[in-house]
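Here are a few exercises to work through with the viewer open. Try each one yourself before you read the solution.

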Amino acid sequence: QVQLVESGGGLVQAGGSLRLSCAASGRTFSSYTMGWFRQAPGKERDFVAAIRWTGSSTYYADSVKGRFTISRDNAKNTVYLQMNSLKPEDTAVYYCAAALLSRPELYYSNSHRYTYWGQGTQVTVSS
């Protein structure tokens, strides 16, 4: 069982930065692929970024590549999403998720593969 709690959301102007954190409980956190997804009003939940349990591989949606960075600290049971050069279209509720994936390189963007989800944190980017 893994419980996830996101923090760090807020209101920021376009071009600004935010750092989201996701604190996980559970002894096996280090075994999980961790992902960030987002959902804007009236839209589906979209993949943003993911990181393998070793931290050796990271994956990004094309829309955030070069602007967002995902990282993890297994000693702190925490995964981060550094968001730079934010745009109004980044406005959404951001969710942290955890999955046990034998082939994360194949399934990292599939939300149905993620077992545990946080409650979400709102990110609003004003123009």
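**Exercise 1.** Which residues line the largest pocket?

Two ground rules before we start. This is a predicted model, where local features need pLDDT of at least 70 and side-chain atom pairs count only at pLDDT 80 or more, while totals for chains, interfaces and linings use all residues. Residues are numbered from 1 along each chain as its sequence is written, and side-chain values use heavy atoms, with hydrogens and water left out.

*Solution.* Start with the term: on a 1 Å grid over the protein atoms alone, a pocket is an open set of points where a 1.4 Å probe fits, with protein on both sides within 12 Å along at least five of seven lines, and lining residues have an atom within 4 Å of a point. The list then reads Arg-38, Gln-39, Ala-40, Lys-43, Glu-44, Asp-46, Phe-47, Ala-61, Ser-63, Glu-89, Thr-91 and Ala-92. (Strands here are DSSP E runs of at least two residues and helices are H or I runs of at least four, numbered from the N terminus.) By class, you get four nonpolar, three polar and five charged residues. The volume comes to about 150 Å³, taken as the space filled by probe spheres set on the points.

**Exercise 2.** Follow the chain from S4 through S5 to S6, and work out the pairing.

*Solution.* Two strands pair if DSSP finds at least two bridges between them. S4 and S5 are antiparallel over six bridges, with Gly-35 opposite Ala-50 in S5. Their hairpin has five residues between the strands, and Gly-42 in the turn has a positive phi of about 75°. Moving on, S5 and S6 are also antiparallel, over three bridges, and Ile-51 stands opposite Thr-58 in S6. This second hairpin has six residues between its strands, with Gly-55 at a positive phi near 80°. As for cover, five of the seven residues of S5 are buried (under 20% relative accessible area with a 1.4 Å probe, protein chains only; exposed is over 50%, partly exposed in between).

**Exercise 3.** What is the strand order of the four-stranded open sheet, and which strands sit at its edges?

*Solution.* The order is S1-S3-S8-S7, with antiparallel pairing. S1 (3-7) and S7 are the edge strands, each pairing on one side only. S1 meets S3 over five bridges, and Leu-4 has Ala-24 in S3 as its bridge partner. At the other end, S7 and S8 share six bridges, with Asp-73 opposite Thr-78 in S8.

**Exercise 4.** Which members of the largest nonpolar core touch the most other members?

*Solution.* A nonpolar core is a set of buried Ala, Val, Leu, Ile, Met, Phe, Trp, Tyr and Cys residues joined through side-chain atoms within 4.5 Å. Of its 38 residues, Leu-4, Met-34, Trp-36, Leu-81, Met-83 and Tyr-94 come out on top for contacts. S9 gives the most to this core, with six residues.

**Exercise 5.** Is Ser-102 buried or exposed?

*Solution.* Find it in the loop between S9 and helix H1 (104-107). Ser-102 counts as exposed because its relative accessibility is 70%.

Terms used
Nonpolar A, V, L, I, M, F, W, Y, C, P; charged D, E, K, R; others polar.
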